[in-house]
Amino acid sequence: MDVAHCNLDGNADAVEFCPHDSYHHVLAASTYTLQEGDRPSRAGSISLFNVNADLGRLDLFHRIETAGIFDIKWNPVGGCVSPLLAQADADGYLRIHGLECCSDEAQAGFSLREITDEKISSAMCLCLDWNPSATSITVGLSDGSVSIASIVESQLETQELWKAHDFEVWAASFDTHQPQLVYTGSDDCKFSCWDLRDGPSKLAFQNTKVHTMGVCCIVKNPNDPNTVLTGSYDEYLRVWDKRSISRPVNETSICLGGGVWRIKYHPFVSGLVLTACMHNGFSVVKIYGDKAEVIETYSKHESLAYGADWHREKSFREGKRNSTLVATCSFYDRLLRLWMPESVLQDSVL
């Protein structure tokens with residue numbers, strides 16, 4: 001069921017609902033636009049929206065202009081840290097913005113201010129992920145390198161930088177259960193894991209045979225310490241069992257009909273994931289045991305499907321509706337949509 005939509009000011013590539021309590025209604029959307037000509041440049045923006053699904057409202061309340069952005073992510077919930085939004089951009093910078101209260105009613109009581117930044121490399125920063133304690137961020141780079149940056153007293157500092165792959169690194173993520181492990185994936189078709197305790201250049205494992213095209217995303221199951229998902233340009237979502245850390249097993253895979261650019265686990269429903277499938281829209285996939293099944297697709301975007309996220313508002317989980325709000329965005333048509341999956345989720349599951 002469609003709820004609301006709008007067009008952004010540039011090519012849309014990521015959307016992220018804020019996971020922090022009291023901020024669940026805040027949605028961030030980022031853009032990347034290549035401006036060609038005699039002096040080509042890569043421009044971007046971050047737009048903040050106030051989301052009200054009951055009223056079908058998607059209200060822009062703040063926007064900042066930036067370098068072209070490839071990825072954004074809110075810091076994980078925990079401790080006394082307020083909401084922070086990290087961006088990886090085309091200028092080789094990792095930047096962190098803080099969500100702050102303000103008195104301007106037109107801005108829904110919030111604004112976004114850059115707190116700190118770090119020049120990671122002369123290469124482009126393509127992806128990022130926070131560790132569970134929000135004290136470090138891993139960044140994948142266009143030259144095949146991976147970086148670890150620490151956050152100390154609101155300041156970023158590069159701790160590690162190493163050559164991890166032969167081509168662009170589109171996926172870099174911490175293991176939420178074992179944060180000393182970092183997973184990386186690249187256009188070289190390699191799925192790798194690095195143990196930061198042993199020095200970043202020492203591999204825990206590397207699979208070079210399963211993915212037939214580049215690895216776009218890697219996501220750890222938040223409820224199962226042994227399961228990792230990968231998405232690839234080869235159009236397959238793959239489920240991995242990593243109980244043998246040196247030789248993870250590809251348990252199952254499912255073809256989604258388009259490059260699997262982004263994977264998001266449902267915040268409340270175990271085994272349910274939302275996927276952005278580039279040329280084939282968006283899919284909701286149920287994973288149970290060694291099986292995976294597409295239970296719904298969404299095809300109302302007319303361009304590359306890149307950004308996707310689940311809403312975390314508790315009223316949806318507690319039975320006010322029988323589904324969960326989703327935000328999705330597509331690249332060239334600059335379209336941001338809010339919708340609710342029509343698949344009936346059993347109350348016992350929710």
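**Exercise 1.** Is Arg95 buried or exposed, and what is its relative accessible area? Then work out which residue it pairs with in a salt bridge.

*Solution.* Keep in mind that this is a predicted model. Start with the number: Arg95 has a relative accessible area of 15%. Buried means under 20%, so Arg95 counts as buried. Next, look for its partner: the side chain of Arg95 meets that of Glu114 in a salt bridge (3.5 Å, N to O). Arg95 sits in strand β8 and Glu114 in strand β9, so the pair ties together parts 19 residues apart in sequence. Glu114, at 33%, is partly exposed.

**Exercise 2.** Find the salt bridge of Glu16 and say which strands it ties together.

*Solution.* First, the partner: Glu16 and Lys264 meet through their side chains in a salt bridge (2.7 Å, N to O). Now place them: Glu16 belongs to strand β2 (residues 12-17) and Lys264 to strand β22 (residues 262-265), so this pair ties together parts that are 248 residues apart in sequence. Both Glu16 and Lys264 are buried. Finally, zoom out: Glu16, Lys264, Asp309 and Arg312 are linked in a network of salt bridges.

**Exercise 3.** Describe where His211 sits and what surrounds it.

*Solution.* Begin with the place: His211 is in the loop between β17 (203-207) and β18 (215-220). Check its accessibility next: His211 comes out at 3%, so it's buried. Then go for the neighbours: leaving out residues up to four places away in sequence, His211 touches several residues, including Cys189, Phe191 and Trp240. Thr230 also makes a polar contact with His211, side chain to side chain (2.9 Å).

Conventions:
Residues numbered from 1 in each chain as written. Predicted model: local features only at pLDDT ≥ 70, side-chain atom pairs only at ≥ 80, totals over all residues. Heavy atoms only, no water. Helix = DSSP H or I, 4+ residues; strand = E, 2+ residues; numbered from the N terminus. Buried < 20%, exposed > 50% of the residue type's maximum accessible area, 1.4 Å probe, protein only. Polar contact = N/O pair within 3.5 Å; in protein donor to acceptor, adjacent residues only side chain to side chain. Contact = heavy atoms within 4.5 Å. Salt bridge = Lys/Arg side-chain N within 4 Å of Asp/Glu carboxyl O.
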